[in-house]
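Dear colleague,

Please find the structure below, handed over for your study. My notes on its salt bridges follow.

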Amino acid sequence: VDAPAVLRRLAVARERWNEQQRAELEGLGVELLTGTASFVSPGEIEVEVGGARTRRVADRFVVASGSVPWFPDGLKPDGKRVLAPRFASHLQALPRSIVVIGGGATGCEYAYLFLALGARLTWIVDEFGVLPTFHPDAGQALAAAFVARGATVVEGRTAVGIDRSETGVAVTLAGGEQHKAEVAFVAIGRRPDWSRLNLAAAGIEPRDGRLALDSYGRTVNPAVYLVGDTDGGVMVANKAMAQARVAAQHALGLPTRPYDPERVLLAVYSEPQVAQVGRLAGQGVAVARVPYSAGLKPHLRGEMGGFVMLAADERDGRVTGALAVGARAAEVLAPVVVALHTSATVAQLAAAYAAHPTHAELLFLAARAFEEACGGL
């Protein structure tokens, strides 16, 4: 792998996308200021742009300032031997061995990345497990897939420190066990980036690291909305987009439904890919499961190790959620998002047939399997 060539390609794609977004906004008449914004009163912000300061008054504010990683004292990155996601774009050579710390979505994606690029991977996952916010079968399947590709997965253990030298690192776990490699990569969590916003000036005070929001994203100051990572909840881009649309429409006084977190598709871009949306368990919820081998496309591509789970209400057959582990899992579950928004039933999904052969068929195969198992709901 030519790491500099990969990074150049990513840089070009990023700039093209940013420029496309910028041009679209400017075409709509949006004024763009690139700087650091903070509140100076409940209805006014100050923006520092290139050393100069300017102020803007508005009727409504939508804050989407994102999140920042956090690190315990013993695991702080240095950009050399101990890396974090923000340093990934600076890598000019791939390590031969790496210890990845963290079992959340970011940890999974980077563990997959380094494993796929040929590094010897040791993956440290704490007591919360792999993908703790997903159905347990998802994390188990992903860990098993990594082990099958040669990774060492250490589950149920917490990393407490990293010793660094000129030639590598030694990651120490609670209990004293150590794992050595050329570099370590830390991805154990993120928190909202509130530090520069001066929310107190807007009359907003976080409590225990959280802010009270209504279902439209409004804070205790009804002129201020928080969306995306800034709200302290699940941190994925499509959730931020969904919240932003709700907040913008509500701020403008347009009819809009409140934001519903159960309709947001969560995806992990590893191999196999993992995706989940809605509820998969609870009183009155039934589940059907089909393997990827139920479809022809996975046979043609050698991608038969995955599965799809579809859940619905036992009383009326309305879809409540789904999980997929395998190639293009997020695309496979896209119809479930529509089903949740329209209160569709399993029977309606079962009656639909995607193009053959495609990965998209798997969700509808799961719906038909659900009907067979649950008596035609």
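Asp73 is exposed, with a relative accessible area of 68% (buried means under 20%, exposed over 50% and partly exposed in between, with a 1.4 Å probe and protein chains only). Its side chain meets that of Lys76 in a salt bridge, at 3.5 Å from N to O; the term denotes a side-chain nitrogen of Lys or Arg within 4 Å of a carboxyl oxygen of Asp or Glu. Lys76 is partly exposed at 41%.

The model is predicted: local features need pLDDT of at least 70 and side-chain atom pairs count only at pLDDT 80 or more, while totals for chains, interfaces and linings use all residues. Residues are numbered from 1 along each chain as its sequence is written, and side-chain values use heavy atoms, with hydrogens and water left out.

Over the whole structure, the search finds 21 salt bridges. In one of them, the closest N and O atoms of Arg157 and Glu177 are 2.7 Å apart. Arg157 lies in the loop between β9 (152–155) and β10 (159–164), and Glu177 in the loop between β11 (169–173) and β12 (178–181), so this pair ties together parts that are 20 residues apart in sequence. Strands (E, at least two residues) and helices (H or I, at least four) are DSSP runs, numbered from the N terminus. Arg157 is partly exposed at 25%, and Glu177 is partly exposed at 31%.

A further salt bridge joins the side chains of Arg279 and Glu262, at 3.7 Å from N to O.

Yours sincerely
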